Amino acid sequence: MTDVRATVDAVWRLESARIIGALTRMLGDVGLAEELAQDALVAALEQWSAEGPPANPAAWLTTVAKRRAVDHLRRSQRADRAHELIAGDLRRAPEAPPEPPEYDDVLRLIFVTCHPVLSTEARVALTLRLVAGLTPGEIARAFLVSEPTIAQRLAGAKQTLADRRVPFALPDRAHLSERLASVLEVVYLVFNEGYSATSGDDLIRADLCHEALRLGRLLAELAPDEAEVHGLVALLEIQASRAAARTGPSGEPVPLHEQNRGRWDPLLIRRGFTAMLRAREIGAAPGPYVLQAAIAVCHAQAGSADDTDWARIASLYDALVHVLPTPIVQLNRAVAVGRARGAQAGLDLADPLVTDARLRDYHLLPAVRADLLATLGRHDEARREFERAAALTRNAAEAAFLRRRADALPVSAPAGPTLGTAATEFLERNDLTATTRRSYTQTLDRLRRALGDGLPLDALTAAAVAPVLTMAWGDTAAATWNRHRAAVRSFGTWAGLPDLSAAVARRDETRTPTPPVDASLLDALESRPDVALRERTLWRLLHESGAPVRTVLALDVENLDLDDRRARAGRTWVTWRSGTARLLPELIAGRTRGPLFLTDRRPGPARTPAAADRCPDTGRRRLSYERAEYLFKQATAALDPAGAGSTLRQLKPSRCGLPYPGRPPDRT
């Protein structure tokens, strides 16, 4: 079973973009195309486990996915169009590879997912998901945002493309430029994920690098007069040329200045130089990709690390930071300046980035600071930064490399307890309730990631704590901010330290209540034919029960008491009235166990949920808060185009005339 799952995952990584592209060309709906491709993936896992993988797994998946698309079209009474589109494909044996269309379907798919109707963030996230096959977690790390944020972007982007009926076609020349920038960003991020994998055991994922190079070359053919396209291709070719030299015999990373340059691929370097010459011949002002390619050229032209023109590279970064002032570019500039103008100059540029919330969990920030600190002879600080970088990265090879760097530094005499040991001892106290321990753990884990487990406890001050709290929870609700502030204060008191919360003020928790959704609006929503039974039941149950959204979404079928109109939710009860009572039997449809509210489709093999969140009869997973919230916002926004939509919490009415949430109804 493990071997079959590995085969399925590998084929999905390589072929998902082509399959989704082909289905999108047939269906005109990228979200539906992904769902049907996932269905084919689940079918592969089931059938290959029993019969073994076919001779051509990619073709098998493509054929099964297309057949499912045909079934969908038939149900939509569009069978004639479906037969015309794929009759030839289905007559071929499943093992025969499909013939490529006139233009590459993957390239078409990129331009669809980078359509202007989507925000820039949504374009890049959706393309990384559908084209590169990255998981939401991998995309979140590439964007330096949370995974739920990416999940919301993906769901919203697919719905928008479907609602706007975005065609599966390449843009005409007049609209090419406006959509090119986000396409280039996608290709660049795909390559970066392959070049320095954010997770897993291997540093490099060659399949993603090759796919990014292929897409970049296709873009160069499509837009031959765009300097930035050739600049990106030059950058990727030269970076890819170092692949063989970037890892040692055991897969460990080899820093650029230690690489054996004889192992750099001369063909890719020549291709990169050629692409760079084409970019320069166009004569446009250098953009971010041309400038980065120029930096790569400087490295490729140096015969050894000592021959590197760091002064030239630093000046190129000075120019790059003006056109692309991202924190990553600023960090890379600090490295170049440290080499060209001294480690202290580099550290002066890197230190302000410590308070940038976008880099709070980015492992290369402490890694860069560690390098600069070690060069300056500040070994204790450098060791802590290397250890912190190792704890932040999710790539096993990179983590091991960073720990070796830490272990190689001179060790000073022990200076007493550290933040890590003290936090562990504090959380293991017997006088903490489970709820308090969970809350304190969240706060202290953030401190440990930000400051490092090796920080001497007596070096932990209010001035060091303040930027960590601000970065992590500066924009949260007052109650959340105060909770974390109180946790820090309690830890400091226990450890005998001065008030660790002194540099952050307690916030006023007075807040304006959010107005509830009017009952007439709920009636209007339920009367719409396009609103699914699941949503109508969920919304009515939230409105009638007044229970928290997460509590309702956590309900299981086996805990329902339909006769008494109630359901057990942990140690409490959720109760409802006649509106919900009419809808629930139809929603359950004979099920006797599993989550009450389910997703529309079964998850793919790579997204298997916990047993408690999966229906044992249908295989579908529990509906997520993020998806439920998105659907309600979309539905309410459609009724009021000028508004931004309502939240599920606004379904909670005043309690006048309703059973008190959490108590069983009065049956006397």
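Author: Q292 lies in helix 13, residues 288-301; a helix here is a DSSP run (H or I, at least four residues; strands are E, at least two), numbered from the N terminus. The model is predicted: local features need pLDDT of at least 70, side-chain atom pairs count only at pLDDT 80 or more, and totals for chains, interfaces and linings use all residues. Residues are numbered from 1 along each chain as its sequence is written, and side-chain values use heavy atoms, with hydrogens and water left out.

Reader: Is Q292 buried or exposed, and how do you know?

Author: Its relative accessible area is 11%. Buried means under 20%, exposed over 50% and partly exposed in between (1.4 Å probe, protein chains only), so Q292 is buried.

Reader: Which residues is Q292 in contact with, leaving aside its neighbours within four places in sequence?

Author: They are Y188, L235, L320 and L324. Contact means heavy atoms within 4.5 Å.

Reader: What makes the buried residues of helix 16 line one face of the helix?

Author: The buried residues of helix 16 (residues 343-350) are A343, G346, L347 and A350. Seen down the helix axis, they fall within an arc of 100 degrees, so they line one face; the arc is taken over the directions from the axis to the C-beta atoms. These buried residues pack against helix 15 (327-341) and helix 17 (364-375).

Reader: How many residues has the largest nonpolar core?

Author: A nonpolar core is a set of buried Ala, Val, Leu, Ile, Met, Phe, Trp, Tyr and Cys residues joined through side-chain atoms within 4.5 Å. The largest has 103 residues, and F111 is one of those with the most contacts inside it. Helix 9 (residues 173-195) gives the largest share of this core, 11 residues. Apart from it lies another core, of 33 residues, including L522 and Y625.

Reader: What lies over the face of Y625?

Author: R550 does, at 4.3 Å from the ring centre. A charge sits over a ring if NZ of Lys or CZ of Arg is within 6 Å of the ring centre and within 35 degrees of the ring normal. The charged end of R507 sits over the ring of W481, 4.0 Å from its centre.

Reader: To what does the count of disulfides come?

Author: The count is zero. A disulfide is a pair of cysteine sulfur atoms within 2.5 Å. As for individual cysteines, C298 counts as buried at 12% relative accessibility, and C615 is buried at 0%.
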